[in-house]
Amino acid sequence: MPFPGKQAAPPPRYKPESNARRRARWLLSAFYMVAGLAHLLRPAGFLAIMPPWVPWSAQVVALTGAAEIAGAVGLHIPRLRRAAGAGLALYALCVWPANFHHAISGIPLGGVDLGWRYHGPRLALQPVIIWWALWASRVIDWPFLRRA
């Protein structure tokens with residue numbers, strides 16, 4: 001409690017970034033860069049799992065690849081970091097139906113049926129990927145919020 005007549009100092013506007021958050025951002029960026037390049041260079045696997053209700057599948061795969069690359073780069077530009085993180089989180093939410101479609105339809109990739117040992121964890125980790133994008137880009141601090 002501050003002394004009478006004195007106000008508590010306001011919290012700093014800029015908190016130094018932790019090494020954990022910096023590493024998480026770089027790792028997330030690397031994953032999204034690889035995924036984005038895969039969407040653009042080898043779209044067949046992504047086209048195979050696309051739900052039938054998505055129009056212009058080839059264009060959507062190309063646009064999602066470009067979005068992943070843009071988000072990966074944006075994570076490293078301080079002025080764009082929060083927007084890139086929010087965009088990647090929204091992206092991960094939007095592609096979740098394709099992951100469900102892939103799992104439920106049992107679509108093999110490269111002739112290999114991945115089964116529920118792949119699909120179960122993949123679907124369960126999607127919310128973690130969404131949180132990761134938000135936390136690594138400093139959109140949220142949860143659950144590591146430090147209280148004074």
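1. Tyr32 and its contacts. In this predicted model, Tyr32 touches Glu68, Ile69, Ala72, Leu88, Tyr91, Ala92 and Ile129, once residues up to four places away in sequence are set aside. Tyr32 also belongs to the largest nonpolar core, a set of 16 residues. Leu28 and Tyr32 are the residues with the most contacts inside this core.

2. Make-up of the core. Helices H1, H4 and H5 are the elements that give two or more residues to this core. The most comes from H5, which supplies 6 residues.

3. Overall layout. The protein chain has 5 helices and 0 strands, and its pattern along the sequence reads α-α-α-α-α. Of its 148 residues, 30% count as buried. Among contacts with a separation of 6 or more, 65% are between residues 24 or more positions apart. The accessible surface comes to about 10200 Å², and carbon and sulfur atoms account for 70% of that area.

4. Phe31 and Trp132. The model contains 4 aromatic pairs. In one of them, the ring centres of Phe31 and Trp132 are 5.8 Å apart and the planes stand at 85°. An angle over 60 degrees counts as edge-to-face, so the Phe31 and Trp132 pair is placed in that class. Phe31 lies in helix H1 and Trp132 in helix H5 (residues 115-136), so the pair ties together parts that are 101 residues apart in sequence. Trp132 has a relative accessibility of 17% and therefore counts as buried, the limit being under 20%.

5. Trp96 and Phe100. The rings of Trp96 and Phe100 also pair, with centres 5.7 Å apart and planes at 40°, so this pair is tilted. Both residues sit in helix H4 (residues 81-105), and because they are 4 residues apart there, about one helical turn separates them. Phe100, with a relative accessible area of 36%, is partly exposed.

6. The salt bridge. The count of salt bridges in the model is 1. Which side chains meet in a salt bridge with an N to O distance of 2.7 Å? They are those of Asp141 and Arg21. Asp141 lies in the segment after H5 and Arg21 in helix H1, so the pair ties together parts that are 120 residues apart in sequence.

7. Trp142. Trp142 is also located in the segment after H5. Its relative accessibility is 60%, so Trp142 counts as exposed; the exposed class begins over 50%. Leaving out residues up to four places away in sequence, Trp142 touches Trp131 and Trp135. The C-alpha atoms of Trp142 and Trp131 are separated by 8.9 Å, and the two residues are 11 residues apart along the chain.

8. His119. Is His119 buried or exposed? Its relative accessible area is 3%, so His119 is buried. This histidine lies in helix H5. Apart from neighbours within four places in sequence, His119 is in contact with His102, Ala103 and Leu114.

9. A nonpolar surface patch. Leu37, Leu40 and Leu41 form a nonpolar patch on the surface, and together they have about 290 Å² of accessible area. Leu37 is placed in helix H1 (residues 19-41). With a relative accessible area of 37%, Leu37 is partly exposed.

10. Helix H1 in review. Several of the points above come back to helix H1. Phe31 in helix H1 pairs with Trp132 in helix H5, and Arg21 in helix H1 pairs with Asp141 in the segment after H5. Helix H1 also holds Leu37, a member of the nonpolar surface patch.

Conventions: Residues numbered from 1 in each chain as written. Predicted model: local features only at pLDDT ≥ 70, side-chain atom pairs only at ≥ 80, totals over all residues. Heavy atoms only, no water. Patch = residues over 30% accessible without salt bridge, like charges linked within 9 Å, V, L, I, M, F, W, Y side chains within 5 Å. Areas by Shrake-Rupley, 256 points an atom, 1.4 Å probe, with all protein chains shown as cover. Salt bridge = Lys/Arg side-chain N within 4 Å of Asp/Glu carboxyl O. Buried < 20%, exposed > 50% of the residue type's maximum accessible area, 1.4 Å probe, protein only. Contact = heavy atoms within 4.5 Å. Phe/Tyr/Trp six-rings, centres within 6.5 Å; stacked < 30°, edge-to-face > 60°. Core = buried A, V, L, I, M, F, W, Y, C linked by side-chain atoms within 4.5 Å.
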